[in-house]
Amino acid sequence: MKFNCRVALFILHLLVATFKVGKAHRIPLHGSAMAFAARSKPKKSSTGQPDYQLASLDLSQKWLELVRNGQVEATVEVPASYSDGGDKNSPEEMLRVRYGVAVSKEDANKCQEFVEQVETEEPHEKIRVINETLAQLQSDPSKISVQYEMDGDFVAQLQLVRTLRPAPSPGFAGSTSSEPPPYDEKTDSFVTGPLRLELRPVVGTVKVPGMVTRYDIYHNVSPADARGHFLLLPTLSLPELNWRGQKFLPTDFTNMLYLASSVRPHGSLFLGFNSVGAGASQNHIHCHAWPSPPLPFLNEQEDDSSPVEGWNCYAVSKVKSIIDFYDLDGGNIEVTYLKYPLFCVQFSASKEHLDTLSKVLDFASAAFGEAPFNIGFLNRPAMDDDGNTMDSEDDSFVDVYMFVRSKERSSVLPSLKLGVSEAMGLFHAQSDEELGVLKATTPLGGARKVEDAGAEHEHDHHHDHHHDHDDGPKKGPMAQALEDISYVDRDELWSAMKTILIGLDATIIGIDEETLEGTDDGR
């Protein structure tokens, strides 16, 4: 009788999970442009200022106000030759430069980068080269002021001004662990020194229902996107709680999930976290936010029938194949091990299940210990069976991409530090030379054909999941770079993570682990 009850519970749970899988819109299966083309929508503009809000705060207009008031700029000293932080203790020549974002003279709603060397009549060659490139890119106001190269779904864009950002915190360079150095407010550039945040205007302090603490929003003086780039951090007004190192705590998962769910329009802001050893440069807990889709993806729109959406524009969000999956809480929490160059697991849940998702993320992250990692957050609306967006706020979803790595830089391009943007598929080249290295070696769309070649790899819960990382034809340099920095023992890591998820799921739904482990997909 006991056995029959257990079987009955398992069958009931499996039926619920199967129903949920049929109704949920998983990005690997439904995230392609085709899935969202059913309803004709206007083509998004690739010029001008886009609309994006966080926690009901109009960050897009806030950004414009900051730029118009000359507040998105900084004056710093940088070595004449280094890029990406460098070593300020070196004896080389130092340049005093002012850089940032200004409003275009031709369009009051268009923001663009600038840089100038101060206290000199003749700019150094490094600054002159940057200005010449900017002038060329900004010469036509009808075009985007970003130079980029595509390789399938991956894109590399030239990001010259960002090379002038502050140097990394001590102990960050070359780290292969996500564990930050001991926190010291005396060396924390967010609270000490000429670039401390108290010298900048607070864009806003927000807390939406579900969040544990208030978050302060500041502008980034070294933006990855001239249309907006913000720092999100637990409010500085509580130093005893929130003045801490760049280490993600359980409460950070909860706060970021609810912040991501508040983004409007859906997918119009990307939120991301870089651990130490995975792109972080400052030892103070913070995340990033910038407009989505990025400019290169908008510029690649073919016509009005296939608009690019922020939630499905990145290479990782277009993945068509998976290696394995495990859904928790009767299918309310979807966990998908993606077939992607960099180890990545996607977690998805509707707005009403974010507390459970937060717990799942916290437990899952224990599987990789102190390995470097990145987390990307995007929200999306609910979809009907034809791929049309629905207006229901309660049925909106949050997708979380968790990337686990072995190192910060790739041998493909050692000069480039790779963060969450690169993990998602958007690379920031710091020079023409770097852009050349990242340039496509396969025709546009070629990387997608790799996955299309074998029907057995398409995302289908009814097929056998193959733990096969051979993607066939030669990958482009961006995919190679991500593969090079990936966590090495991928399948072992997924197995450990899945074991943790099975145990957690047992506590959520009240079925013992032995029963849950009795089927191929863990159910």
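What covers the buried residues of α12? In this predicted model, the cover includes β4, β5, β16 (409-410), α9 (420-424), β18 and α10 (432-438). The residues being covered are P477, M478, A479, A481, L482 and I485, which are buried in α12. Three of the covering elements, β4, β5 and β18, also make up a sheet of their own: an open one, with 3 strands in the order β4-β5-β18 and mixed pairing. Its edges are β4 (148-151) and β18 (426-429), each of which pairs on one side only. Neighbouring strands here are turned by 20° against each other on average, ignoring direction. Helix α12 (residues 477-485) packs on this sheet and touches β4, β5 and β18, with its direction at about 100° to that of β5. Within the sheet, β4 and β5 (residues 154-158) run antiparallel and are joined by 4 bridges.

Of the contacts with a separation of 6 or more, 69% are between residues 24 or more positions apart. The accessible surface is about 21300 Å², and carbon and sulfur atoms account for 51% of that.

The average pLDDT is 81, and 76% of the residues score at least 70. Residues 1-40 stay under 50 in pLDDT, yet the model has 75 contacts for them beyond four places in sequence. Residues 82-89 are also below 50, with 16 contacts in the model beyond near neighbours in sequence.

Next comes strand β7 (residues 215-219). Why is β7 described as largely enclosed by the rest of the structure? Because 5 of its 5 residues are buried. Both faces are covered, with Y215, I217 and H219 buried on one side and D216 and Y218 buried on the other. As for its pairing, β7 runs antiparallel to strand β6 (residues 204-206), to which 3 bridges join it; here V206 stands opposite Y215. Strand β7 also pairs with β8 (residues 230-234), again in the antiparallel sense, over 5 bridges, and in this case H219 stands opposite F230.

Aromatic rings are the last stop. A search of the whole structure turns up 13 aromatic pairs. In one of them, F273 and F373 sit 5.6 Å apart centre to centre with 35° between the planes, a tilted arrangement. This pair links distant parts of the chain, as F273 lies in strand β9 (residues 269-274) and F373 in strand β14 (residues 373-380), 100 residues apart.

Key. Residues are numbered from 1 along each chain as its sequence is written. This is a predicted model: local features need pLDDT of at least 70, side-chain atom pairs count only at pLDDT 80 or more; totals for chains, interfaces and linings use all residues. Side-chain values use heavy atoms; hydrogens and water are left out. Two strands pair if DSSP finds at least two bridges between them. Helices (H or I, at least four residues) and strands (E, at least two) are DSSP runs, numbered from the N terminus. Axes are lines fitted to C-alpha atoms, for helices over the stretch in contact, and angles run from 0 to 180 degrees between N-to-C directions. Contact means heavy atoms within 4.5 Å. pLDDT is the predictor's confidence in each residue, from 0 to 100. Rings of Phe, Tyr and Trp (its six-membered ring) pair if their centres lie within 6.5 Å; planes under 30 degrees apart count as stacked, over 60 as edge-to-face and the rest as tilted. Accessible areas come from the Shrake-Rupley method with a 1.4 Å probe; for residues, only the protein chains shown count as cover. Buried means under 20% relative accessible area, exposed over 50%, partly exposed in between (1.4 Å probe, protein chains only).
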